[in-house]
Number of protein chains: 2
Amino acid sequence: MDDGPVQIREVAPADLELICRHREEMFRDAGSDERTLVRMTRHFREWLEPRLNDGSYSGFILSVGEQPVAGIGLMLIDWPPHPLHPEQSQRGYILNLFVEPEHRRRGLAVRLMRLAEAEFVRRGVRYEVLHATDKGRPLYRKLGWDSTAEMAKMTRGGGLPDSGHC
Amino acid sequence: MDDGPVQIREVAPADLELICRHREEMFRDAGSDERTLVRMTRHFREWLEPRLNDGSYSGFILSVGEQPVAGIGLMLIDWPPHPLHPEQSQRGYILNLFVEPEHRRRGLAVRLMRLAEAEFVRRGVRYEVLHATDKGRPLYRKLGWDSTAEMAKMTRGGGLPDSGHC
């Protein structure tokens, strides 16, 4: 589907529900179950609202003819200075990359990733991270991203995971 | 070397230099160069001091006969609710696990990991993460940790990495 030029804008507080939907669809695509998604979105909305308002969650929305068709989110996360960023105590984090199914395979995800990366360069961020779904990984590799040595565990109180560690 | 019983205590603000040294030795072991380590430690000390004072960085020190021989650090990191922790907006993070070379191979790293994991259970944290060095990975696997899908990239302004993504 290609019905007009793609408009780019920054996310705004009014995008709260749109971003919640993008995050939910992204994890649904990756195999999360509906019950978990409902619980997550309820809490994610509460988490997101103040961060959208104060700008600590930012990002971009792509639209075609007024209709939002894709989005990406950015945060800075507090991180101890590390050999990969010895003089910085933050990492850029990219999340909630989602493209509506009927708008895939026309490069929108790459455009969003380039916007996000350029934004981190603009902010002087040295090191950026994300968590890939299986579907997204080949794209990130093409853009120069590498796997890290992160490991994770559900705590003994935490129960079984509902989906993979993405 | 086994010269007495092992004492356990929580980290305290007076451990600032000890923790800086543990972090530096850990990354030296993993192959970081000296120039990078000096820069990192200078900034890490500044980052750590207020967090040790307010308790947002915590952890444990093992000592033998008054002599600290191993340590581990813990933080809570702000994280959007996720299918693996749908009702929590934080992840436990374990860092700076270090055992003095002459005290290795007597189970101190496992003791520290169990203390850290128990502390996160006590705090009700559902999901915990760490970054493994190649040396540490087999131990974490034995303790039930799995690799995640994290990916990373130096930004275009960031220059070349000095060591692997650990």
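Is Arg21(A) buried, partly exposed or exposed? At 35% relative accessibility, Arg21(A) counts as partly exposed (buried is under 20% relative accessible area, exposed over 50%, partly exposed in between, with a 1.4 Å probe and protein chains only). This is a predicted model, in which local features need pLDDT of at least 70, side-chain atom pairs count only at pLDDT 80 or more, and totals for chains, interfaces and linings use all residues. Residues are numbered from 1 along each chain as its sequence is written, chains are lettered from A and ligands numbered from 1 in the order in which they are written, and side-chain values use heavy atoms, with hydrogens and water left out.

**Interface of chains A and B**

- Chain A and chain B each put 64 residues into the contact (heavy atoms within 4.5 Å).
- The two chains bury about 6000 Å² between them (the accessible area, 1.4 Å probe, that two parts lose on being put together, summed over both).
- Carbon and sulfur atoms carry 58% of that buried area.
- Eight salt bridges cross the interface (a side-chain nitrogen of Lys or Arg within 4 Å of a carboxyl oxygen of Asp or Glu).
- One of the salt bridges joins Arg42(B) to Glu87(A), with the closest N and O atoms 3.7 Å apart.
- On the side of chain A that touches chain B, helix H2 (residues 34-54) gives the most, with eight residues.
- Helices (H or I, at least four residues) and strands (E, at least two) are DSSP runs, numbered from the N terminus.
- That side of chain A divides into 32 nonpolar, 15 polar and 17 charged residues.
- Ala, Val, Leu, Ile, Met, Phe, Trp, Tyr, Cys and Pro count as nonpolar, Asp, Glu, Lys and Arg as charged, and the others, Gly among them, as polar.

**A sheet built from both chains**

- An open sheet of seven strands runs in the order S1(B)-S2(B)-S3(B)-S4(B)-S5(B)-S7(A)-S6(B), with mixed pairing (two strands pair if DSSP finds at least two bridges between them).
- S1 (6-10) and S6 of chain B are the edge strands; each has a single partner strand, so one side of each lacks a neighbour in the sheet.
- S7(A) and S5(B) run antiparallel and are joined by five bridges.
- In this pairing, Met151(A) stands opposite Leu130(B), and Glu150(A) stands opposite His131(B).
- S7 (residues 150-154) of chain A also pairs with S6 (residues 146-147) of chain B, in the antiparallel sense over two bridges.
- There, Met151(A) stands opposite Ser147(B).
- S4 (residues 90-99) of chain B runs parallel to S5(B), with three bridges joining them.
- Gly92(B) stands opposite Glu128(B) in S5(B).
- In S5 (residues 127-131) of chain B, five of five residues are buried.
- Both faces of S5(B) are covered, with Tyr127(B), Val129(B) and His131(B) on one side and Glu128(B) and Leu130(B) on the other.

**Salt bridges within the chains**

- The structure holds 32 salt bridges over all chains.
- Glu100(A) forms a salt bridge with Arg21(A), the closest N and O atoms being 2.6 Å apart.
- The pair spans 79 residues, from the loop between S4 (90-99) and H3 (108-122) of chain A to helix H1 of chain A.
- Glu100(A) is buried, at 12% relative accessible area.
- Arg21(A), Glu24(A), Glu25(A), Arg28(A), Glu34(A) and Glu100(A) are linked in a salt-bridge network.
- Asp29(A) and Arg104(A) form a salt bridge, at 3.0 Å between the closest N and O atoms.
- Asp29(A) is in helix H1 and Arg104(A) in the loop between S4 and H3 of chain A, so the pair ties together parts 75 residues apart in sequence.
- Arg122(B) and Glu119(B) meet in a salt bridge (2.8 Å, N to O).
- Both lie in helix H3 (residues 108-122) of chain B, three residues apart, about one turn of the helix.
- Arg122(B) is exposed at 63%, whereas Glu119(B) is buried at 12%.

**Asp15(A)**

- Asp15(A) sits in the loop between strand S1 (6-10) and helix H1 (16-29) of chain A.
- Asp15(A) counts as buried, at 6% relative accessibility.
- A polar atom of the Asp15(A) side chain lies 2.7 Å from the backbone nitrogen of Ala12(A).

Methods: Polar contact = N/O pair within 3.5 Å; in protein donor to acceptor, adjacent residues only side chain to side chain.
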